[in-house]
Amino acid sequence: MKDVPAHRLLLVHAHPDDESINNGATMARYAAAGAQVTLVTCTLGEEGEVIPPDLAHLAPDRENRLGPHRVGELAAAMKELGVTDHRFLGGPGRFRDSGMMGVAENRRTGAFWQTPVDDAAGHLVEVIRSVRPQVLVTYDPDGGYGHPDHIQAHRVAMRAAELAAEPAYRRDLGEPHAIAKIYWNRVPRTVVEEGFGRLRAEPPTAFPGGIASVNDVPGVVDDARITTEIDGSAYAERKAAAMRAHATQVAVNGTRFALSNHLVQPIFSTEYYQLVHGEPGAPEGERERDLFAGVTE
Ligand SMILES: [Zn+2]
C-alpha cells in the first residue's frame with residue numbers, strides 16, 4: 001500500500017498567485033511538516049494585468065499568452081513553498097479567467113464565471129476523493145473582494161465538499177469522502193490596520209507609488225470572526241520568494257509587496273482563518289494554532 005501522509009490539506013484558489021499571497025506561509029509550514037499539501041487552481045489567470053514592461057507583450061489584448069506563462073510562475077512558486085502537488089481544475093486551461101466583475105470577459109464562453117457550479121465541482125470531487133483531505137481552505141462567499149473567479153472558486157469548493165461526501169454521487173469519481181474541517185481565508189482588521197500603520201510611519205519617499213489601504217486587502221473582518229491563526233513566521237522568506245515567483249502579478253520588496261496598482265501592502269507571515277465547518281480544536285474563546293487541531297484520522 002502507498003504511504004499516505006497523516007495530514008492532508010487541500011487549498012482551492014482562483015488564479016496563480018492567490019495561494020502564495022493568502023496561504024504561502026501556511027502551505028510552506030505544512031509541507032515542511034510532512035503533510036500532503038494539494039493546491040487546486042481554477043484558472044490560469046489569463047486576464048491579469050502584467051507589471052514588468054518587458055513582459056507586457058503577454059497580455060490578453062496583445063499576444064494573449066499570459067496563461068501559459070503563469071503556469072510556469074506557479075510551478076516556480078510551489079518549488080519555493082516545497083509543494084509538489086499542484087493542479088488546475090479540470091486540467092490546465094479548462095476554465096478561463098473571467099476578468100474583474102462587470103467586464104465583457106465575464107460572459108465569454110469557457111469563462112469560469114459562466115460555468116455551472118456543479119459541472120466545475122465534479123472535477124474537484126475527483127481530487128477530493130483521491131487525496132482525501134481532512135482540511136479544505138478556500139475563500140468566503142464574496143471571494144474575499146468580489147472578483148467573479150474568487151466567488152466561483154468559493155462556490156465550487158463548498159459544493160464539491162458536499163458532493164464528495166454524498167454516497168449516491170458519481171461513484172466513478174471514487175469512494176465518498178467527508179472533509180472534517182473547512183476554512184475561509186480571513187484577515188483580522190486590527191492586524192491589517194497595524195500593518196498599514198507601520199508603513200505610514202515611514203517616510204513617504206519610501207513608497208513612490210503610494211500605500212494601499214485596508215479596503216485593498218481581501219477578506220478583512222472583525223477580529224472576533226477569526227477562529228484560527230497559523231504562525232508562519234519561520235516561512236516568511238519562503239512566502240516572499242513564492243510571491244516573487246509570480247513576477248507578472250506581484251512586485252515584492254522585502255516584507256512588502258504591490259500588485260499592478262503599485263500600491264504597497266505589508267506581507268503577513270501569520271495567516272488567519274475562519275472555521276466554517278467541523279469541530280474547533282481549541283477551547284471556546286481561544287484561537288486554534290493548527291488547521292488539523294482535533295482531527296483524529
Ligand atoms: Zn485571484
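Is Asn-64 buried, partly exposed or exposed?

1. Asn-64 is partly exposed, at a relative accessible area of 37% (buried is under 20%, exposed over 50%, partly exposed in between, with a 1.4 Å probe and protein chains only). This is a predicted model, in which local features need pLDDT of at least 70, side-chain atom pairs count only at pLDDT 80 or more, and totals for chains, interfaces and linings use all residues. Residues are numbered from 1 along each chain as its sequence is written, and side-chain values use heavy atoms, without hydrogens and water.

2. Most residues other than glycine have a negative phi. Asn-64 has a positive phi near 55 degrees and lies in the loop between β2 (36-41) and α2 (66-81). Helices (H or I, at least four residues) and strands (E, at least two) are DSSP runs, numbered from the N terminus.

3. Asp-17 also is not a glycine, and its phi is positive, about 110 degrees. Asp-17 sits in the loop between β1 (8-13) and α1 (18-32). Its relative accessibility is 8%, so Asp-17 counts as buried.

4. There are three aromatic pairs (ring centres of Phe, Tyr or the six-membered ring of Trp within 6.5 Å; planes under 30 degrees apart are stacked, over 60 edge-to-face, the rest tilted). One of them is Tyr-30 with Phe-292, edge-to-face at 5.3 Å centre to centre and 65 degrees between the planes. Tyr-30 is in helix α1 and Phe-292 in the segment after β11 (270-277), so this pair ties together parts 262 residues apart in sequence. Both Tyr-30 and Phe-292 are buried.

5. In helix α4 (residues 148-165), 13 of the 18 residues are buried.
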